[in-house]
Amino acid sequence: MLDSSADTSGTGIGKFLTKTTNWLLHTQEGVLFFIVAAIWLFLTIQSPVFFTGRNIGVLLSQVSMTAITAVGMTILLISGEIDASVGSMQAFVGVVVMSVLNSSSNLALGVLVGLAIGVVVGLINSLISLRLGINSLIATLAMLSIVRGAAFGFTEASIQNTHKIPTFTEIGNGFFLGVPWPIIFFFAVFLIFYFVLSRTTFGRFVHAVGANPEAATLAGIPVRLVKMAGFVLTSVLASFSAIILLSRLNSGQNGIGAGFELEAIGAVLLGGTSLSGGEGSMVGTFLAVLLLGTLKNGIVLLDINSSWQVAVTGLIIIIAVLLDARRRRRLGQD
Amino acid sequence: MSEQQALLQLTGIAKEFPGTKALKGVDFSLNAGEVHALIGENGAGKSTLIKIIAGLYQQDAGTIEVEGKAVEFHSPADSLEHRIKVVYQELDLVPDLSIAENVFLGNLPKKALRAVDWQALYSRTSELLLDLGLDIDPEVPISALTVAQQQLVEIARALSRQAQIIIMDEPTSALSQTEIESLFAVIRRLQARGVGIMYVSHKLDEIYAIADRVTVFRDGEHIATEAVVNTKHSDLVTWMVGREVKDLYPRTPAKRGDVLLEVDSVSGGNIENFSLNVHAGEIVAVFGLMGSGVHNLGRLIFGNMPRTGSVRLSGEEIHAKAPMDAIRKGLGFLTENRKSDGLLLPLSVKDNITLVSVNNYANLMVINGQEERRATTGIIDKLSIKTPGIAQKIRYLSGGNQQKSLVGRWLLEDLKVLMFAEPTRGIDVGSKAEIYRLMDDMAHGGMGILVLSTELPEVMGIADRIIVIRQGRSAGRWISRQEANEQDLMTAATVQMEKVI
């Protein structure tokens with residue numbers, strides 16, 4: 001019996017307004033949207049540079065790497081698992097891809113090798129977490145060290161660009177129809193996986209295995225396979241981020257990406273994805289990444305000591321958890 | 001008696017959740033030394049009221065008074081402070097800690113330097129347990145206890161805090177008959193000490209066995225409060241349902257077709273060499289007591305528990321590895337723990353209902369939203385599931401409507417046989433008949449139904465054939481329910497097997 005009296009009946013506009021108000025006040029996306037909008041307004045007033053196409057382009061390009069990894073992480077967290085190894089992946093994929101490019105001068109080969117590393121590391125992560133039954137936070141924290149070690153083992157110094165492939169530099173710094181490539185990659189990845197998560201059976205199964213693995217098993221869902229796909233996807237997207245970063249830096253550095261995993265996971269949590277699995281929001285992740293980028297950008301524009309950029313990640317995580325607790329309490333959960 | 005000041009007085013309590021008014025200004029009072037039963041169908045608002053008293057939810061309106069003083073509960077600690085203890089249906093004990101640690105959790109006896117006084121802890125726990133008629137080592141971990149024993153531990157926990165108000169939420173839902181009787185003995189002892197007990201239940205017989213007064217809620221409203229001696233069974237049902245319920249068991253004979261499910265010498269868990277078969281158009285019931293293996297049987301057949309022996313559906317072997325294969329071949333299974341084994345709490349009613357069948361509305365993994373919504377709405381109408389919309393999160397539905405959604409999940413799949421463990425557990429009187437009618441319909445539609453139940457009246461009411469299971473083995477078979485009687489079935493289920501050394 002669908003109880004239509006619960007809907008606020010009335011004109012279309014009234015309904016739309018109620019819906020929008022509800023979204024703004026009662027969902028984490030709404031609250032985030034509010035916060036981002038407020039900060040954008042503030043920065044626009046404070047700094048004449050902020051709301052210019054050029055600055056927004058810089059802002060979005062800077063967060064595109066975090067964003068692309070966070071998209072995978074959103075899916076993984078909803079499935080009830082986590083991947084902390086994405087930080088070291090930025091370094092390892094970077095040094096390996098740069099050296100492949102230098103020796104082969106073949107861009108496609110370099111990118112493929114980079115993505116293949118993602119597949120392999122994702123499979124290893126899922127093997128340790130799902131087969132050996134080690135909590136994925138612990139398993140991937142261990143992988144964080146192992147992959148970092150591999151990056152240091154691969155090269156003792158940074159690997160410079162000696163291949164001079166022009167297209168390679170374009171990945172991180174070029175424009176397409178006036179829009180920086182990293183932003184195009186970011187939006188494309190976001191849109192594709194927004195669709196996958198909300199409209200496909202795979203997306204549904206991701207939610208199900210995170211919400212209640214036993215129920216998912218009894219409903220005939222291949223729980224391990226779904227989670228494995230989440231691990232591999234996250235790791236491959238992290239590799240993609242690493243390739244963009246590599247192009248922007250134009251050198252493979254074995255120490256890069258420290259704290260990157262916290263940034264990505266923090267953004268996902270801030271976006272309203274639950275640490276306990278089963279619920280989450282791609283739009284939330286998008287807005288959270290935007291907030292992260294805006295804060296970092298604002299610190300530069302307002303001439304605040306840029307060391308604080310690093311502290312922003314910690315702040316974001318605390319806000320994320322507070323918002324989550326507040327929302328749960330109001331909705332009478334737990 | 002009426003002059004006496006109530007131990008607990010709730011007045012005009014209201015609580016609203018997104019999309020539902022769970023309580024619409026209800027009253028409830030509890031006197032010292034009284035057992036006051038609260039009954040109502042699922043969704044009547046009982047659980048919400050309990051959670052308000054426990055300090056888990058805050059009411060939107062209304063007052064709570066303890067011994068005449070107005071109080072406000074902002075957290076469970078506030079409620080405990082006023083010596084109120086809730087014993088939940090799903091017990092909230094820490095499985096890996098000992099009985100004693102659980103009893104005194106948050107309240108451990110201390111020696112100098114805030115070190116735990118283990119000696120005092122164990123001896124005081126032993127005293128409390130003996131007082132409740134439980135003679136067991138307090139150092140044993142909770143996980144080693146039966147559900148009935150765990151419940152007594154919860155009560156001991158209440159006593160350790162000198163609780164004066166104990167709220168029991170469906171305390172007997174997982175207990176055997178003997179265990180229920182010993183629980184009642186404990187309740188009477190508590191009563192004699194002046195403890196007030198709020199007893200929430202579905203089972204009307206229990207109300208007559210134990211309660212002094214009874215209050216009925218329906219759809220979040222207070223319907224009646226009466227002394228139990230002044231009420232008739234039929235009054236209670238009418239108050240709860242809002243209409244008269246007749247014909248609880250609508251089973252009509254259906255045409256028996258070919259054999260669909262063949263279970264041949266299946267072993268695993270505590271089950272040994274169990275065989276049975278189910279034909280099209282048939283409802284077969286396996287009856288057994290708690291612990292007999294009656295529920296595990298379903299898991300073995302479904303492939304959710306390692307087994308030996310063979311299971312065939314329409315002649316095709318079902319692999320023992322994962323339920324996926326069983327489902328693909330046309331076997332469905334609703335477990336007895338539908339909440340923990342079935343619900344996806346953070347997901348919508350729609351996503352819960354179409355969990356198994358979602359592939360049917362998808363093309364290359366892309367879900368056709370319109371088709372999925374149509375299927376969901378169909379189930380919601382068919383099973384009269386009360387929800388403000390298909391996008392409502394299922395956690396906000398009442399227990400009974402959650403149950404119905406899970407039943408609906410399997411109706412969308414083209415099944416040959418449905419295994420249904422405890423089909424009406426947690427389902428209210430009004431909906432029970434609907435569930436039985438549904439099973440009857442399915443049988444008439446050519447499906448086979450296998451019921452796994454610990455409820456004798458239910459088995460007697462709906463089954464075409466009955467098999468009794470005892471200690472994992474077949475303990476008797478009846479080829480029609482007319483030939484069976486409750487006594488024979490109970491005897492078969494309970495008589496101790498000869499001990500062979």
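Colleague: What makes β19 and β20 of chain B a pair, and in which sense do they run?

Modeller: This is a predicted model. Two strands pair if at least two bridges are found between them. Strand β19 (residues 417-421) and strand β20 (residues 448-453) of chain B share 5 bridges, in the parallel sense. They therefore count as a pair. For B:Met419, the bridge partner in β20(B) is B:Leu450.

Colleague: Why are β16 and β22 of chain B placed at the edges?

Modeller: The open sheet has 6 strands, in the order β16-β19-β20-β13-β21-β22 (chain B), with mixed pairing. β16 (331-334) and β22 (473-478) each have a single partner strand, so one side of each lacks a neighbour in the sheet. From one strand to the next, the twist averages 20 degrees.

Colleague: Which helix lies across β13, β21 and β22 of chain B, and at what angle does it run to β21(B)?

Modeller: Helix α17 (residues 486-494) of chain B. The angle to β21(B) is about 30 degrees.

Colleague: Now chain A. Why are α4(A) and α12(A) called oblique?

Modeller: Helix α4 (residues 86-104) and helix α12 (residues 260-270) of chain A pack at about 130 degrees. Roughly perpendicular ends at 115, and roughly antiparallel needs over 145. The two helices are therefore oblique to each other. Their axes are 6 Å apart.

Colleague: Which residues of α4(A) and α12(A) meet?

Modeller: A:Val86, A:Gly87 and A:Gln90 in α4(A) meet A:Phe260, A:Glu261 and A:Ala264 in α12(A). By class, that contact has 3 nonpolar, 2 polar and 1 charged residues.

How values were computed
Residues numbered from 1 in each chain as written. Chains lettered and ligands numbered in written order. Predicted model: local features only at pLDDT ≥ 70, side-chain atom pairs only at ≥ 80, totals over all residues. Axes fitted to C-alpha atoms, helices over the stretch in contact; angles between N-to-C directions. Helix = DSSP H or I, 4+ residues; strand = E, 2+ residues; numbered from the N terminus. Parallel < 35°, antiparallel > 145°, perpendicular 65-115°, else oblique. Contact = placed C-beta atoms within 7 Å. Nonpolar A, V, L, I, M, F, W, Y, C, P; charged D, E, K, R; others polar.
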